[in-house]
Amino acid sequence: RRFFGFGAKSDEHDESSYSDELAQIELGVEQALPGPGGDWVGSLGLRGELHRLGSGSVDDEPDTRVAYPRAFRAARDSDLGWVEAGLRWDTRDSQALPYRGSMVSGWTSFAALQSGGDVGLVYGFEGQHLFPLPGLLHSGGDPDEEHPPTDSLALGARLAGSAGNLPFFSLPTLGGAFGQRGYIAGRFRDGASWLAVAEYRLWVLPRGFPIARTVRIERVGLAPFYEIGSVAGDVPRLFESRVIHSFGIGARLTLERTAPFRVDVGFSEEGVEVHARFGLSF
């Protein structure tokens with residue numbers, strides 16, 4: 001893994017590397033309220049993590065334990081027990097690949113058990129809104145279809161903060177496949193972060209093609225995007241922190257609506273990054 005220090009002004013030349021041997025177990029439940037199909041969804045979960053940090057293995061880069069000895073020592077042998085809870089209002093027409101609707105959520109992860117007796121908290125708020133748009137390269141299909149091809153404009157924003165004592169790898173970050181895709185994963189890190197993103201999702205091949213006798217690509221699309229955000233020591237200082245930008249374009253394909261796959265190419269002042277994932281970035 002990579003660590004660049006803290007704050008939005010950290011330089012790309014501050015990069016260091018470390019290894020992280022991780023064992024993790026999670027147990028959680030989600031419940032629609034007041035019943036199935038309800039617009040409110042509550043969640044509750046437990047997560048246990050055992051981390052053992054070691055030397056990095058990236059050539060021509062400093063080792064994190066040498067470049068950032070204080071942060072490394074505090075996180076070196078970290079065992080954490082988390083209690084997690086969340087509540088969201090969700091009118092989107094799909095959680096996996098939505099075309100219309102809104103979502104607003106709040107969540108918290110409380111590190112009630114930590115090595116050395118410390119406690120810490122990470123919390124966040126997130127919102128989305130999706131506007132269905134006329135098809136740019138297709139007619140939109142039959143509205144009676146279970147999953148007609150639909151172009152959309154997706155807008156999203158999130159805010160994360162932290163309190164108490166936490167190892168550096170548990171703090172809010174920007175960079176990577178889920179925010180600021182023009183930067184390496186975990187590029188910016190500190191006690192708080194914010195992100196806003198706009199993404200135009202359009203289908204180029206609305207009917208897809210077979211790739212095997214029993215497997216078919218349902219459809220293929222593109223998704224140009226723009227992202228803006230920052231990190232800071234705490235939430236109030238976010239308003240004084242340097243603003244970070246990235247933009248790019250992604251390829252989207254689905255086997256079915258619940259199984260979207262993406263490859264995003266992001267651009268920033270530090271170069272180009274490529275991210276491949278199942279599921280959307282927001």
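Twelve strands form an open sheet in the order S1-S2-S3-S4-S5-S6-S7-S10-S13-S14-S15-S16, with antiparallel pairing; strands are DSSP runs of E with at least two residues, helices are runs of H or I with at least four residues, both numbered from the N terminus, and two strands pair if DSSP finds at least two bridges between them. Strand S1 (2-3) and strand S16 (271-278) stand at the edges with a single partner strand each, so one side of each has no neighbour in the sheet. This is a predicted model, in which local features need pLDDT of at least 70 and side-chain atom pairs count only at pLDDT 80 or more, while totals for chains, interfaces and linings use all residues. Residues are numbered from 1 along each chain as its sequence is written, and side-chain values use heavy atoms, with hydrogens and water left out.

Within the sheet, strand S7 (residues 151-164) runs antiparallel to strand S10 (residues 192-205) and is joined to S10 by ten bridges, and Gly156 has Val197 in S10 as its bridge partner.

Ser43 lies in strand S3 (residues 40-55). Beyond its neighbours within four places in sequence, Ser43 is in contact (heavy atoms within 4.5 Å) with Val29, Glu30, Glu84, Ala85 and Gly86.

The protein has two helices and 16 strands. Its overall dimensions are tabulated here.

| Quantity | Value |
|---|---|
| Radius of gyration of the protein (over C-alpha atoms) | 20 Å |
| Box of the C-alpha atoms along the principal axes | roughly 60 × 45 × 45 Å |

Methods
Rg over C-alpha atoms; globule rule 2.2 N^0.38 Å.
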